[in-house]
Amino acid sequence: MLFRALVTGSERPALILALMQKLARGRPRVPHVLLECMWNLPEKGFGRWKRRLLLRWVAASTDRIIVYARHQIDDYAKILDVSKDKFSFVHSHSTLYEATYPATDGDYIFSGGYTNRDYPTLFEAVRGLPYRTVVCVGSRQSLGKDVPANVEVRENLSEDAFNRLIAASAFIVVPLKGDVLEAGGRQVFQNAMTMSKAVVVTDLSATDYITHGLTGLLVTPGNPVDLRDAIVTLMCNRTIAVNLGREAQRVSADFTPERFFEQLFAIIEEVVLERSGLVPVSG
């Protein structure tokens, strides 16, 4: 049976599948849409060259790659030396689905997650402040020994427990590393926004999801002084936090799974039509 299209993630088997389709000469290639383009490259050396070559081959072998940040269209196209038409932007979606988490105005700051987190900057920002801070990670050992006294570490929580901590917090902070192609963190702050929580994110490119000062606060990565100022502002003026959370929940209608798959299916249909020759290929 020949499928109309393949839709995969970007894990290793999916990358191998893309390469195999390119190498399988004489057989019809099934249109392939790649989700979750969460690619980063080593800073330098042979590892960067090897990774870039692999991803360039994969990009050339697929019909469309979904990215969750608009800047990645230009960034990946430039670094991999492929056409920008290979990429399509879609808002990623919240992962609450049917679950509901009534928000309460808690007395603590919440932060959590694993990929590309910059907890040292968060720790420097909250050190000495009179605010309880709850950080959820896979293992406390990943944080090192320099954890401030006002930081409470929770390890390896279930998704439900993680979300309940978000819902009961005053607001959340997602400290992300700068200078990476894919910072991540969206699932955490999108779920928080859906729960009407104010969010502070250290990723200036998160403007596809957050309007600074209206639906959240964006802080320069690696800047503990600015992050501290944002935290103090929200803890000292809870009205600002409530208003940010209310506006965040309003725009979270764009982050639903239904909206995500509606856009995804439209892109898949476009790719199938392009490969059939019924519509011209962009560019």
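Is R4 buried or exposed? I find R4 exposed, at 54% relative accessibility, where buried means under 20% relative accessible area, exposed over 50% and partly exposed in between (1.4 Å probe, protein chains only).

I note that this is a predicted model, in which local features need pLDDT of at least 70 and side-chain atom pairs count only at pLDDT 80 or more, while totals for chains, interfaces and linings use all residues. Residues are numbered from 1 along each chain as its sequence is written, and side-chain values use heavy atoms, with hydrogens and water left out.

I searched the whole structure for salt bridges (a side-chain nitrogen of Lys or Arg within 4 Å of a carboxyl oxygen of Asp or Glu) and found 15.

I looked up E269, which forms a salt bridge with R4, the closest N and O atoms lying 3.4 Å apart. E269 lies in helix α9 and R4 in the segment before β1 (6-8), so the pair ties together parts 265 residues apart in sequence; helices (H or I, at least four residues) and strands (E, at least two) are DSSP runs, numbered from the N terminus. E269 itself is partly exposed, with a relative accessible area of 34%.

I then turned to E274, whose salt bridge with R64 has its closest N and O atoms 3.0 Å apart. E274 lies in helix α9 and R64 in strand β3 (residues 64-67), so this pair ties together parts 210 residues apart in sequence. E274 is buried at 12% relative accessible area, and R64 counts as buried at 4% relative accessibility.

Finally, I recorded that D107, R132, E152 and R154 are linked in a network of salt bridges.
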